[in-house]
Amino acid sequence: MREAHDFCGLFGIVGDPDAVIKTYHGLYSLQHRGQESAGIVASDGTSFNVHKGMGLVADVFSRATLERLKAPMAIGHVRYSTTGSSTPQNAQPLVAEGAIGPIAVAHNGNLVNSGRLHAELEAHGSIFQTTVDSEIILHLIAHPDNQGRPDAIARALRRISGAFSLLFLTRDGVVAARDPNGFRPLCLGRVGAAWVVASETCAFDLIKAEYVRDVEPGEIVHITRAGLRSERFVPAAETRPSMCVFEHVYFARPDSRVFGDTVHLVRMRLGAQLAVEHPVDADLVMAVPDSGNSAAMGFAARSGIPYEQGFIRNHYVGRTFIQPTQGARDSEVEIKLNIVRDVVKGKRVVVVDDSIVRGTTARSRVKALRGCGVREVHLRVSCPPLRHPCFYGIDFPDPRQLIANGRSVAEIRDFLGLDSLGYLSIDGMLTAARAAPPEHFCTACYSGKYPVKVEDGTRKEIFER
Ligand code: AMP
């Protein structure tokens, strides 16, 4: 069965003697985009060397491994997926022998026509090694029809649909591509004479690279030692940007620039807009750290209510959602977020969070706040209610587990035990992400409007069955 690619981070570099160590550092900065596996493929233009494994970047690579991989060009990948088949074999980048020689691929996003393509390729004799849908792209490139064709990658990309930010490594260099909707971010930078490409600019900062521009939706960028060459696999006039607004809300790192905007500043504006839409009389504003920090600052600044640290986060606990059972999740929230009693006792508090998924965090922490003698708890959420599944690469649980699915805001408020609850409106959210016009964002998880048709067999529940 095919598998979704949720939560991935990409990094690539060409023309640097320390390409591999820079890739390692780049992946380190992108660790928030995936904690399940990490991998690097490096090349000197003749042979390919790969190392990948399960776990965090720091656990997968040793100094000796990085030395062994040493080469002037490389691509790397960090991955998190919930679909059960978390095996080393599914770790990326994937390497294969293609029509144009050895080729490696790293993918962020999720294809929505993989079922059909997989069946078609298998019927024509393709043998699949993994259960990840990115392997389809390699098979499409290697297809006999593409033998000897310089545009093999472009031809393959025109056949896939859905969300894909991709990096390929070939003997000539790195090829970067972004789907015509630009769902996931992908940006280009320079360090010395080398070109780099990464999911987010925070990966550039650590290696002292300078951001140049984003890879455009529908664009293929060929990076070789000779420099950069741009090509389009879909004409600009036919692309319809629908960038994932959830990258700004939650997923990307606040110090990154994605989709032309600095994430922290977008989140500040989300919080400010939230204060306008859902004002409240209170003594202090506090964030659910770390993801709610920027929005809470924006809320406090706009409302004039003092910002306080009522929660302290323990950073040595994995993200709550990794836990398999509901019971484990509850206790993990307790370990992760502790309350500073003397700050909140007797106060009317506004708690700002970036999003509510299952409601586990909110319910548990509201109860704990009451236990600390808080007078009133007002929850403000810096995005609209999450009601619909994402088919383009963000991992949400089964829609039945989304607390906002089939519940009104008043029902959610009562379920969470709140004095008041306010979600940001879709329009308000899109005004805050103002570097691009509102219609250039995908809001499917809030609105149920899917910009790219989701074909057969791509639903997560179907993968798992
Ligand atoms: P929950 O306890 O399930 O309501 O999760 C809420 C928290 O999980 C939010 O405060 C977010 O910071 C974080 N979050 C947002 N989106 C996701 C996601 N797709 N998977 C896991 N956690 C998420």
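Mentor: Let us begin with the term strand: here strands are DSSP runs of E with at least two residues, numbered from the N terminus. In this predicted model, Ser 43 belongs to strand 2, which spans residues 37-43.

Trainee: Is Ser 43 buried or exposed, and why?

Mentor: Buried means under 20% relative accessible area. Ser 43 is buried because its relative accessible area is 0%. A polar atom of the Ser 43 side chain lies 3.2 Å from the backbone oxygen of Ser 47, and, once residues up to four places away in sequence are set aside, Ser 43 touches Phe 48, Ala 71, Pro 72, Met 73 and Leu 169.

Trainee: Which strand does strand 2 join, and by how many bridges?

Mentor: Two strands pair if DSSP finds at least two bridges between them. Here seven bridges join strand 2 to strand 3, and the two run antiparallel; within this pairing, Ser 37 stands opposite Met 54 of strand 3.

Trainee: In what order do the strands of the open sheet follow one another?

Mentor: The order of the seven strands in this open sheet is 3-2-4-1-10-9-11, with antiparallel pairing. Strand 3 (48-54) and strand 11 (210-214) are the edge strands, each of them pairing on one side only, and from one strand to the next the twist averages 15°. Helix 1 (residues 19-29) packs on the sheet, where it touches strand 1 (8-14), strand 2, strand 4 (73-79) and strand 9 (187-191), and the direction of helix 1 makes about 20° with that of strand 4.

Trainee: Where is Gly 227, and what does Gly 227 touch?

Mentor: Gly 227 is in strand 13 (residues 227-232), and its relative accessible area of 18% is the reason why Gly 227 counts as buried. Not counting residues up to four places away in sequence, Gly 227 touches Trp 195 and His 222. The C-alpha atoms of Gly 227 and Gly 15 are separated by 9.1 Å, although these residues are 212 residues apart along the chain.

Trainee: What is the nearest side chain of opposite charge to Arg 267?

Mentor: A salt bridge requires a side-chain nitrogen of Lys or Arg within 4 Å of a carboxyl oxygen of Asp or Glu. Arg 267, which lies in helix 9 (residues 263-277), is buried yet has no salt bridge, the nearest side chain of opposite charge being Asp 354, 7.0 Å away. The side chain of Arg 267 does reach the backbone oxygen of His 248, at 2.6 Å.

Key. Residues numbered from 1 in each chain as written. Predicted model: local features only at pLDDT ≥ 70, side-chain atom pairs only at ≥ 80, totals over all residues. Heavy atoms only, no water. Helix = DSSP H or I, 4+ residues; strand = E, 2+ residues; numbered from the N terminus. Buried < 20%, exposed > 50% of the residue type's maximum accessible area, 1.4 Å probe, protein only. Lys, Arg positive; Asp, Glu negative; His and termini not counted. Polar contact = N/O pair within 3.5 Å; in protein donor to acceptor, adjacent residues only side chain to side chain. Axes fitted to C-alpha atoms, helices over the stretch in contact; angles between N-to-C directions. Contact = heavy atoms within 4.5 Å.
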